[in-house]
Amino acid sequence: METGNKEKYTYEAVTEAILAIPKFTKEKHDFSVLREYLTALGNPEKGFRVIHVAGTNGKGSVCRMLSGILQQAGRRVGSFYSPHLIRMNERIRVNGTEIPDDALVEDYLMLEKARISGRLPQLTFFEVLFVIALLYFRQAGAEDIVLETGLGGRLDATTSIPADLYVITEIGMDHEEYLGDTIEKIAAEKAGILTGDSPVIYHTGNPGADRVIEEKAKEAGCRAVINCARSTVCNAELTPFGIDFSFQNDYDRYNHVRIPAEALYQAENAVTAVTAAGFLFPKLPKERLQEVIRTALADFSWEGRLEEVSPGLYVDGAHNPPAAHRLVESVKALSRSGQWKQRTLIFGASGDKDLLEVMEELLTFPWDSVCLTRYRGSRAASVERLMKILMDSMAGEGRDLPVLQTAETLEDALKMTKNPDGFTLVTGSLYLVGELKELMKERGSV
């Protein structure tokens with residue numbers, strides 16, 4: 001994309017150009033090319049305090065919580081997320097506000113100018129967005145930046161710059177074709193973010209993953225290595241106000257912390273974020289830190305995580321077995337009120353996921369009906385394949401089976417299952433969640 005006349009490059013043209021960039025290179029290059037770009041652009045990665053978050057599940061929520069805590073304490077915070085649901089701008093935010101269209105265009109053209117004038121190799125899709133984020137954070141005067149890894153950690157673009165605090169969330173089986181076929185191998189890739197001696201906070205939910213992280217932290221010389229599993233979440237429950245939970249760690253006790261969310265797994269994410277916050281504000285009095293944390297968590301929201309998008313219609317991006325397990329725990333807690341007359345699951349997923357195990361987890365809840373569909377995109381599993389996997393997962397169950405339906409599009413699935421007195425959950429992929437939100441934006445309702 002030539003960059004001679006800036007006026008002719010609309011937001012639509014630029015985002016289309018970015019989406020056309022390959023997600024991966026045939027042979028993964030190291031960070032040397034990315035660092036050449038950063039040097040050519042005046043090192044936009046410098047001058048920030050950097051918090052780097054990796055993990056299989058929960059990393060986006062923890063990034064959002066940490067960004068909120070930092071902002072509540074008066075810091076100006078840049079946040080880099082992955083993926084987006086509808087618009088690319090969602091990935092890049094300062095104090096919660098998405099990058100404006102014109103800034104995204106300007107920063108992309110700046111990057112392209114560096115590529116062309118320096119005859120540099122093309123970056124990947126994720127690397128391009130990462131560099132745009134750094135340019136915008138510098139322009140917007142961010143003090144802290146919170147970075148969510150895209151895939152893995154060891155070779156992720158976000159690992160190309162040093163961090164002042166590392167955070168690793170739950171680790172489970174996902175992206176095995178890239179990260180390895182055991183928890184330990186995946187944990188080693190996630191722990192690849194540990195490139196310096198900064199403290200690491202982790203809450204993986206797996207002893208094998210914990211051991212790998214501890215070994216990597218020792219090799220990196222991390223100044224502090226804190227396992228959040230030692231913090232006990234007690235009395236985490238759903239209330240009319242959301243989640244109410246209490247816990248204590250080595251430094252403090254938190255009683256009746258509230259999060260306006262209905263996914264119980266957010267309590268564990270909050271423990272991780274709160275523990276990390278103690279390292280971000282070491283000189284802040286405990287009472288003041290608690291006040292900051294409680295206020296920030298009380299204002300927490302994160303799209304696509306057991307989110308009620310219209311009465312009785314919920315979405316969640318769970319796309320791997322651990323996430324599906326946590327999701328069902330929350331759905332069971334929600335259903336205890338007995339208010340739902342009909343409980344419907346709409347499921348669509350990417351074909352490269354462990355679909356059998358995900359479905360087995362989801363079917364531990366007694367759905368009245370299940371509708372299989374697919375999102376728009378080449379990675380989506382076909383409805384026929386999903387039905388075969390579903391039948392395999394239910395073979396020999398010996399229990400009442402749900403009514404089974406199929407729909408070639410999400411829009412059709414929503415029409416087929418519409419029930420004003422029911423509970424409907426759309427899950428299996430963040431792409432599916434994004435498509436539903438796009439439908440709602442276009443039509444105002446579904």
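Which residues touch the most other members of the largest nonpolar core? In this predicted model, where local features need pLDDT of at least 70, side-chain atom pairs count only at pLDDT 80 or more, while totals for chains, interfaces and linings use all residues. Numbering starts from 1 along each chain as its sequence is written, and side-chain values use heavy atoms, with hydrogens and water left out.

The answer is I18, F80, F137 and I145, in a core of 63 residues. A nonpolar core here is a set of buried Ala, Val, Leu, Ile, Met, Phe, Trp, Tyr and Cys residues joined through side-chain atoms within 4.5 Å; buried means under 20% relative accessible area, exposed over 50%, and partly exposed in between (1.4 Å probe, protein chains only). Helix α5 (residues 125-139) supplies the largest share of this core, 12 residues; helices (H or I, at least four residues) and strands (E, at least two) are DSSP runs, numbered from the N terminus. A second, separate core has 39 residues, among them V167, F245, A277 and L297.

Turning to charged pairs, the structure has 18 salt bridges, each a side-chain nitrogen of Lys or Arg within 4 Å of a carboxyl oxygen of Asp or Glu. One of them joins D144 to R49, with the closest N and O atoms 2.9 Å apart. D144 sits in strand β5 (residues 144-148) and R49 in strand β1 (residues 49-54), 95 residues apart. D144 is buried at 0% relative accessible area, whereas R49 is partly exposed at 22%. Salt bridges with shared partners put R49, R75, E143 and D144 into one network.
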